[in-house]
Structures are given as C-alpha cells and as structure tokens.
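Trainee: Please walk me through one part of this model in close-up. Give me the chain as background, then go residue by residue.

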Amino acid sequence: MGGDDNLQEGIYSYISPEKRVPTDHPLRPIRKLVDEILKEMSPQFARLYSNVGRPSIAPERLLRSLLLQIFYSVRSERMLIEQLQYNLLFRWFVGMEMDEEVWNHAVFSKNRERLLNEEIAEGFFRRVIERAKPFMSDEHFTVDGTLIEAWASHKSFRRKDGKGKPPEAGGDVDFHGEKRKNETHESTTDPDARLFKKCKGSEAKLSYLGHVLLENRNGLLVQTFLTEANGRAERDAALLMAEVIPGGRRVTLGGDKNYDTQEFVRELRGMNITPHVAQNDSYRSISEPCDIRATK
C-alpha cells in the first residue's frame, strides 16, 4: 500500500538536532574537542567584548561556523549562512536550535573580522597542536607552499603614480598594451597583494603565498605562515617554520623543487636538519647550482 504524499507542513518538531546526528558521525569527536578548547579560551573572548551594548554573535559559535566552512569547503560566508538556514548538521555543530534565526551574512563577516585576529587564531591552533602531539612525528617533516588568490580583481591593479588609463563608466579598465608590474602597480582594494604566477606559462593573479609545515606520521599541521607572493617567500617561510622543530636531535625536512637552492640547504644543515629536497634540473640559472644528493 502506497503512503500518502502529504505536503502539509508540521507545526511542531519534538526531535532535537542532537538526536538527528548519528552517534558515529566524525563531527561528534571534533565538536567535543572544539568545545574543550573554546572553554579554555573563554577568558580571552571576554576581554574582547564590552559589558554594555547590543549582543554580538557568540565567539564560540562564530569559530565553530568557520570550522565548518573549512571542513566542507564552503566557498563564501554568504553560502555558509545559507547552509545554516536548512542544514541540520551545521546547526547542531554550531549550537543553534531548530527554529533559531540565522545571522545576516554581512553581520557575520563584520564579527569575524573583529574576532579572528592573529592572537585568537594562534591560540586556537596552539591548543589543537597540544592535543595532537601524541600522534605527531618528532623527527620527519615536510614543508610546502600554495598560492592563495587575493580578494582583489585585476581591475583594481593600477599604476601607483595615477597615470594609467581612467576606468570606463562600468568600472572596466582597458589594460591592452600596458605592462603591469608589482614595482609600478598595486591593487587599490588590497595593496599587499602581488601579481604572481604559480608556474611558468600560467596566468598571473593577485595573490599571497600560504606555507605549511607537516609532520610525516599522520600528515598533521605543525605550523602555518602567510607571506607576500614573491620568488623567495617559500624558502624564507620554511626556514622560519623549521625553527619550531624541537632541537637536540637530527631531523629530516622534505620539500619540492622550489626549495632546491644552495642557500636553503646550507641553512637547514646549520640547524641540524637533513634536507630531503627534490632536485631542480630545469629552469635553473647557471649561477645557482645545488647538489644535495649527499645529505650526511
């Protein structure tokens, strides 16, 4: 017997979000860990907010929401807020009730900018690392970098001296025949962004460089870094991140061809770190040979 296709909406729901999430869902242990860390950080949160005025988004909820954006690769905060409207899993993780009103995306972004400063982000990351130490290697590491596209368009990349072609009525700028370089141009909306290519032959974009140091046992993050996009940034950031590796014993550090330079290898060896770097046999200038096959 077929059931009725009853489109009448129910008025009440007697099942909480907690009961709707499976007991073996991977977000459950993550939520428990995050709640412990946020409880430790509550004194820091209290110092950021006044005791008077209109209540803002709870910092604990804001940070849980940002974690969801990372876990599920939600590409914008506007889409994250949309997900919180109807995604019961998201609402449960953040700590929202079934019928609780979701924030406006602009309000969310403004609160995020005020809360997520370097001190708060570093404090949260440090506490995660402390809990992950039993699962992390203390002798084998890998470093890598990635291009992070800036939130700035090519239209905003204009001459610093103001002598470029003026924008048209729609805001478009005709760059045809104009050589644009970081030395002579900068973005009007994000001056710190740099025009950079990921590899030879690829499109140049306004970007930053993100850097990570991972341990090799489980691939867990040990340190992160964000720098200006330039040709030396990956190696400079790698040396800075290598300083957090505990001393007292020789360790290894792996890297791709971008790290294959004499200076970088020499600096690592001086830090009692054995470099395991892929050799760069192409696009190398004659003045900078590097042979690291003998790493002892």
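Mentor: Start with how the chain folds back on itself. Among contacts between residues at least 6 apart in sequence, 59% join residues at least 24 apart. Keep in mind that this is a predicted model. The mean pLDDT over the chain is 85. A score of at least 70 is reached by 86% of the residues.

Now the background. The chain has 296 residues, and 35% of them are buried. Its secondary structure consists of nine helices and eight strands. The accessible surface is about 19,500 Å². Carbon and sulfur atoms account for 51% of that surface.

One stretch calls for caution. Over residues 286-296, pLDDT stays under 50. The model has 19 contacts beyond four places in sequence for that stretch. Where confidence is low, predicted coordinates should not be read in detail.

The lining takes in 44 residues, and I70, L116, A121, I148 and T224 are the closest to the centre. Which elements supply at least two lining residues each? On the helical side, they are helix 2 (27-48), helix 3 (59-71), helix 6 (105-115) and helix 7 (118-132). The strands are strand 1 (140-149), strand 5 (205-215) and strand 6. Helix 7 gives the largest share, eight residues.

Take H211 in strand 5. Is H211 buried or exposed? Its relative accessibility is 1%, so H211 counts as buried, the cut-off being under 20%. Look at what surrounds this histidine. Beyond four places in sequence, H211 is in contact with D144, G145, Q223, T224, F225, T227, A233, E234, A237 and M241. Q223 is twelve residues from H211 along the chain, and their C-alpha atoms are separated by 8.3 Å.

H211 also has a polar partner. Its side chain makes a polar contact of 2.7 Å with the side chain of T227.

Move across to that threonine. T227 sits in strand 6, residues 221-228. T227 counts as buried because its relative accessibility is 16%. Which residues does T227 touch, leaving aside neighbours within four places in sequence? They are Y208, L209, H211, A233 and A237.

Q223 leads on to helix 7. R126 lies in that helix. R126 and Q223 are 97 residues apart in sequence, yet 9.1 Å apart in space, C-alpha to C-alpha. R126 has a relative accessible area of 39%, so it is partly exposed.

Next, follow the chain beyond strand 1. S156 is in the loop between strand 1 and strand 2 (157-159). S156 counts as buried because its relative accessibility is 5%. Its side chain reaches the backbone oxygen of S153 at 2.7 Å. Further along the sequence, S156 is in contact with E186, S187, T188, T189 and L206, its neighbours within four places being left aside.

Finish with two loop residues where the backbone deserves a check. Most residues other than glycine have a negative phi. S73 has a positive phi, near 50°. S73 lies in the loop between helix 3 and helix 4 (77-86). With a relative accessibility of 63%, S73 counts as exposed. N272 also has a positive phi, about 65°, although it is not a glycine. This asparagine is in the loop between helix 9 (262-270) and strand 8 (273-277). N272 counts as partly exposed because its relative accessibility is 30%.

Follow the 2.7 Å polar contact from H211 to T227. Last, find Q223 and trace the 9.1 Å C-alpha separation to R126.

How values were computed. Residues numbered from 1 in each chain as written. Predicted model: local features only at pLDDT ≥ 70, side-chain atom pairs only at ≥ 80, totals over all residues. Heavy atoms only, no water. Helix = DSSP H or I, 4+ residues; strand = E, 2+ residues; numbered from the N terminus. Buried < 20%, exposed > 50% of the residue type's maximum accessible area, 1.4 Å probe, protein only. Contact = heavy atoms within 4.5 Å. Areas by Shrake-Rupley, 256 points an atom, 1.4 Å probe, with all protein chains shown as cover. pLDDT = per-residue confidence, 0-100. 1 Å grid on protein atoms, 1.4 Å probe; cavity = no way out; pocket = protein on both sides within 12 Å on 5 of 7 lines; lining within 4 Å. Polar contact = N/O pair within 3.5 Å; in protein donor to acceptor, adjacent residues only side chain to side chain.
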